Amino acid sequence: MMGPSHALSGAAVWLAGSWALDHFADYHQSPLALAVGTAVCAGGALFPDLDLSGKVTRNQGGATVARTFGVFSLFIAEVMEKISLGVYYATKLSRDPRRSNGHRTLTHTIPFTLLVGWGTTALCAAYGKWAVIGILFFMIGLALRGLFDEWAERAGWVIVTLVSAGAAWFVAANLPGGRGYPLIGTAVGVGCFVHILGDMITKAGVPILWPIPIKRRMWTMIGLPNSIALRAGSKTEVVVVRAALTVIAVLAAAGLVAPSVLQRFNIQI
């Protein structure tokens, strides 16, 4: 899937999940917490594609999300891609093919998703709002790059960086202190998992079962049969999938906001 579809899927899943918790478990979130969770989950849904590096010195190539913060995020993508490729060769079995890059390997696995979610939570618990500001800055930037791709492309990485920094500082200043912020780590982890599911419906698939060996392969790509799998960037993805995700997000957001609006104006249904 393309970056905008991944980001939209993260936002839709978080909003739908929040609506379900609110409706069935009576778990309410403040508007700020809901907005933060949605943005972080959208950013987390792009995070795994930071394993697709480009030309760092030229600020070119790589995944769209890798260019979110210009050469700085391209450098992160370069490092992540090399680590992913190293893990691939360190764990590959006899029937795993040779690879020239680490895209869709380590960062597209369940262990990586769990590690990122746990690591985010641990950082927030250990370092408080300073960690929160850094994590929000990075994830909001990814979310902006994905959800508002055309605007971000026109505005450039400097504007995206400034907007992300301002939003992160505002959110951190208005969040209650001393709580550990576990929902931030949950949102990042959920976003990464949603990304994996999104790539599973494409022709290339993902190694979601790693590190379970299957027929002398450690990195077996799992996905839909080619006859029904999506082609990344196809009209089906851009038109049908994004439209469906948009409807889910809008309906979930409306379901979350409507009760408080009706209560404020003393409207009973």
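Predicted model: local features only at pLDDT ≥ 70, side-chain atom pairs only at ≥ 80, totals over all residues.

1. Let's start with P4, which sits in helix 1, the helix made of residues 3–24. Its relative accessibility is 21%, so P4 counts as partly exposed; the cut-off for buried is under 20%.

2. Which residues does P4 touch, leaving aside those up to four places away in sequence? The partners are G146, D149 and R242.

3. Please have a look at the peptide bond between W210 and P211, which is cis, with omega at about 10°. P211 belongs to the loop that runs between helix 8 (182–200) and helix 9 (235–264).

4. That loop between helix 8 and helix 9 also holds K215. Here the backbone has a positive phi, near 50°, in a residue other than glycine. Is K215 buried or exposed? With a relative accessible area of 67%, K215 is exposed, because the term applies over 50%.

5. R104 is another spot worth a check: its phi is positive, about 60°, although R104 is not a glycine. This residue is found in the loop between helix 3 (71–91) and helix 4 (110–127). R104 has 11% relative accessibility and therefore counts as buried, whereas K215, also with a positive phi, is exposed.

Key: Residues numbered from 1 in each chain as written. Heavy atoms only, no water. Helix = DSSP H or I, 4+ residues; strand = E, 2+ residues; numbered from the N terminus. Buried < 20%, exposed > 50% of the residue type's maximum accessible area, 1.4 Å probe, protein only. Contact = heavy atoms within 4.5 Å.
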